[in-house]
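Colleague: I am new to this structure. Could you show me how to read it, feature by feature?

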Amino acid sequence: MAAYLVDDTRKVTTHRLIEMKQQGKKIAMLTAYDYTMAQIVDQAGMDIILVGDSASNVMAGNWTTLPISLDQMIYHAKSVVRGVKRSLVVCDMPFGTYQVNVTESVSNAIRIMKETHADALKLEGGVEILPQIKAILDAGIPVMGHLGLTPQSINKFGTYAVRAREEAEAQKLFSDAKALQEVGCFGIVLEKIPAALCNKVCNELRIPVIGIGAGPADGQVLVIHDMLGMNQGFSPKFLRRYADLFTVMTDAIGQYITDVKSCDFPSESECY
Ligand code: KIV
């Protein structure tokens, strides 16, 4: 039996997330990409685990999220789901799997749900992809939106700078957020936008808004490797590091090397 760090061990649902917003309870969301990490995050009491396409960066070492394939996302999501009992598991639809047309988007969405047993999907974009989102929702699949700095469009933006500082882009984001709610999304991630704009969207919407680099919101999301300090050299202003695992792991691995080379390991008590 898993030892959960929270009293309420009921499975988190999209319905409960909306209730949490109504009750003013904040939502915690974090990425995970594998079974072991997912077990730890779930047992710590996370509300939402995101199998992010940031796996492309932190697991595969790519510069962007664009190269990760549908098969690779399915592999990560399956591994995560096996480790989770309580958290809601949301899987990113990777770049190229929902931009072409509605039919392809729905069959890719169904494939992820059937093969991974994830609870919901996340798609990047506003009104441009509304027909795809509507069709996926019509197939009975819960969808989370993602607006602001949408990393799958990084080549179009040409920069990782804060989005929607200009009035026109801010207005578009605001109306996109309302459109995502009206079509039936259960939540929206807002990435790297001014805090005042995020606050305006949170106040307008009934559904929860989860921020990353967007100031206070109904909830927050971070990439687990970043917040655990496993990455060196990625220090955006919005990132709070809760540990320095790079140093902890390097020290432990260094000690193991020393012990092997000095014949200290294995000791007699570690032999059969
Ligand atoms: O892929 C990801 O990790 C994400 C978060 C940054 C929101 O989409």
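Modeller: An oxygen atom of the ligand is 3.1 Å from an N or O atom in the side chain of D92. The protein covers 96% of the 250 Å² of accessible area that the ligand has on its own. Keep in mind that this is a predicted model.

Colleague: Which residues come nearest to the ligand?

Modeller: Of the 13 residues around the ligand, the nearest are G52, D53, S54, D92 and K122. A polar side-chain atom of S54 is 2.5 Å from a ligand oxygen. For D53, the distance from a polar side-chain atom to a ligand oxygen is 3.0 Å.

Colleague: Now salt bridges. How many are found in the whole structure?

Modeller: First the general idea. Side chains of opposite charge can pair when their charged atoms come close. A search of the whole structure gives 14 salt bridges. One of them joins R86 and D47, at 3.9 Å from N to O. R86 sits in the loop between α4 and β3, and D47 in the loop between α2 and β2, so the pair ties together parts 39 residues apart in sequence.

Colleague: Are R86 and D47 buried or exposed?

Modeller: The cut-off for buried is under 20% relative accessible area. R86 has 5%, so R86 counts as buried. D47 has 9%, so D47 is buried too.

Colleague: What about a pair within one helix?

Modeller: An α-helix has 3.6 residues a turn, so residues three or four places apart point the same way. E115 and R111 are four residues apart in helix α5, which separates them by about one helical turn. They form a salt bridge, with the closest N and O atoms 2.8 Å apart. E115 is partly exposed at 32%, and R111 is partly exposed at 29%.

Colleague: Where do E128 and K172 lie?

Modeller: Their side chains meet in a salt bridge at 2.7 Å, N to O. This pair links distant parts of the chain: E128 is in the loop between β4 and α6, and K172 is in helix α8, 44 residues away. E128 is exposed, at 52%. K172 is partly exposed, at 35%.

Colleague: Which residues of α8 are buried?

Modeller: They are A170, L173, F174, D176, A177, A179, L180 and Q181. Their cover includes α6, β5, β6 and α9. Take F174, which is buried at 15%. Beyond its neighbours within four places in sequence, F174 is in contact with K200, V201 and E204.

Methods: Residues numbered from 1 in each chain as written. Predicted model: local features only at pLDDT ≥ 70, side-chain atom pairs only at ≥ 80, totals over all residues. Heavy atoms only, no water. Buried < 20%, exposed > 50% of the residue type's maximum accessible area, 1.4 Å probe, protein only. Helix = DSSP H or I, 4+ residues; strand = E, 2+ residues; numbered from the N terminus. Contact = heavy atoms within 4.5 Å. Near = heavy atom within 4 Å. Polar contact = N/O pair within 3.5 Å; in protein donor to acceptor, adjacent residues only side chain to side chain. Areas by Shrake-Rupley, 256 points an atom, 1.4 Å probe, with all protein chains shown as cover. Salt bridge = Lys/Arg side-chain N within 4 Å of Asp/Glu carboxyl O.
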